[in-house]
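Please keep the sequence and the structure in view while reading.

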Amino acid sequence: MIILGLALISLTIWIYLVAFRGRFWACDQMLPLVIGELSDWPAVTAVIPARDEAETIGESLKSLLEQDYPGDLTVILIDDNSRDETGKVARAAAGDDPRLHILSGQPLPVGWVGKMWAMFQGVEAAGRISPGAEYLLLTDADIRHGQGGVRRLVVKAETEKRDLVSLMVRLRCESFWEKLLVPAFVYFFQKLYPFPWVNNPGRAEAGAAGGCMLVRTEALAASGGIVAIRDRVIDDVALGKRLKAEGSIWLGLTKSVDSLRPYDGLSQIWRMVARTAFVQLEHSGLMLIGTVMGMALIYLLPPLGFLFGDLWVAAPAGAAWLLMTFSYGPTLRLYGLSPLRGLLLPVAALFYTLMTLDSARRHWMGRGGAWKGRHYPELG
């Protein structure tokens, strides 16, 4: 009877998720591929923090410098004390393009996350180099912007009066582990921050994706600037919340902006998730326990109940598994994968649960928030 009750609870949760959680699963919040027109194109300054990004920075920079943006476009790269040849590769990629400004990052102060410190220096430089820029494009050093990408972002912000337009860029999805775990990452992110709710000015939910964020310069300053989120490991969501508190934001998907960063092995994805998973739970042991139990009930019980339970258990468990698979389909199609892979979402969920547990372990051992040779055990 207990297993039957749990199966019914799991099915009820999936009915709620599919029917009442903002259609997070539908992948219908897409940046249009059609490029609109404006009578006056505002100036944009792209700010790119880069630490040990020699592998991707060249292609990322070229994708920005080759944009067909009708207005002024300036690019500022902050070489954040890289241990590789990030700066050299960036200079070679840009040639003598006067729109690119490469700055050497200053030593990291206490109380700052490395990316935020580099971003702060870039935003401060933008105020000197291009003081008239109405927008800042805060983007990562591994992001490739498709032709027309900056125009699409600006048109979205201008026509809808948004203070922030943020994209969950297309992550690379080629290796075995990428195909198993990357679409699931995007799916879980949409479930955590339902994009239709984020984009609705009448709702409190807020979020952002840090790989590509077009921010209205005045709105960023009014929100407290980068200083206000200097200690945030999950900086994008923190910024989205601050901006939505005073204005309007938009978070969506895209097929024209993608990440160049490869995740060929499980360990690379594991480190990426373990860096922030326990931060998302506010370093709370109780929230960790609740999350593990919730993941087991929502994702693991349906296939186990369907495969190994009696008829009474298998029926609701199978229905829950079916709803789960159905809801995962649009994300899989976004990545060009068969919807049948939705049957493997419980396997991906198991891995993410283990990554979250490892994230907590790392935090308790004083190695939380580790990234590129830096550790932020006390920062959030």
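## A buried pair and its network

Glu178 and Arg172 are both buried, a word that stands for under 20% relative accessible area, with exposed meaning over 50% and partly exposed in between (1.4 Å probe, protein chains only). The two residues form a salt bridge in which the closest N and O atoms are 2.9 Å apart. A salt bridge is a side-chain nitrogen of Lys or Arg within 4 Å of a carboxyl oxygen of Asp or Glu. Salt bridges also link Arg172, Glu174, Glu178 and Asp264 in a network.

The model is predicted: local features need pLDDT of at least 70, side-chain atom pairs count only at pLDDT 80 or more, and totals for chains, interfaces and linings use all residues. Residues are numbered from 1 along each chain as its sequence is written, and side-chain values use heavy atoms, with hydrogens and water left out.

## Other salt bridges

Side chains of opposite charge can pair when their charged atoms come close. By the rule stated above, the count comes to 20 salt bridges. One of them joins Glu160 to Lys156, with 2.8 Å between the closest N and O atoms. Both residues belong to helix α5 (residues 149-160), where they are 4 residues apart, about one turn of the helix. Helices (H or I, at least four residues) and strands (E, at least two) are DSSP runs, numbered from the N terminus. Glu160 is partly exposed, at a relative accessible area of 33%, whereas Lys156 is buried, at 12%.

Another salt bridge is formed by the side chains of Arg216 and Asp163 (3.3 Å, N to O). Arg216 lies in strand β7 (residues 212-216) and Asp163 in the loop between α5 and β6 (164-170), so this pair ties together parts that are 53 residues apart in sequence. Arg216 and Asp163 are both buried.

## Two packed helices

Two packed helices are described by the angle between their axes and the distance between the axes. Helix α6 (residues 176-192) packs with helix α14 (residues 345-364) at an angle of about 80 degrees, and their axes are 9 Å apart. This makes α6 roughly perpendicular to α14. Axes are lines fitted to C-alpha atoms, for helices over the stretch in contact, and angles run from 0 to 180 degrees between N-to-C directions. Angles under 35 degrees count as roughly parallel, over 145 as roughly antiparallel, 65 to 115 as roughly perpendicular and the rest as oblique.

Among the residues of α6 that meet α14 are Trp177, Phe185 and Phe188, and the residues met in α14 include Phe351, Tyr352 and Met355. Contact here means heavy atoms within 4.5 Å.

## Ala277 and its contacts

Ala277 lies in helix α11 (residues 277-280) and counts as buried, at 12% relative accessibility. Leaving aside residues up to four places away in sequence, Ala277 touches Thr356 and Ser359. The C-alpha atoms of Ala277 and Leu357 are separated by 8.5 Å, although these residues are 80 apart along the chain.

## Positive phi values

Most residues other than glycine have a negative phi, and most peptide bonds are trans. Cys27 has a positive phi, near 55 degrees. Cys27 lies in the loop between α1 and β1 (44-50) and is buried, with a relative accessible area of 11%.

Phi is also positive in Asn81, near 50 degrees. Asn81 is placed in the loop between β2 (73-79) and α3 (86-94) and counts as partly exposed, at 35% relative accessibility.
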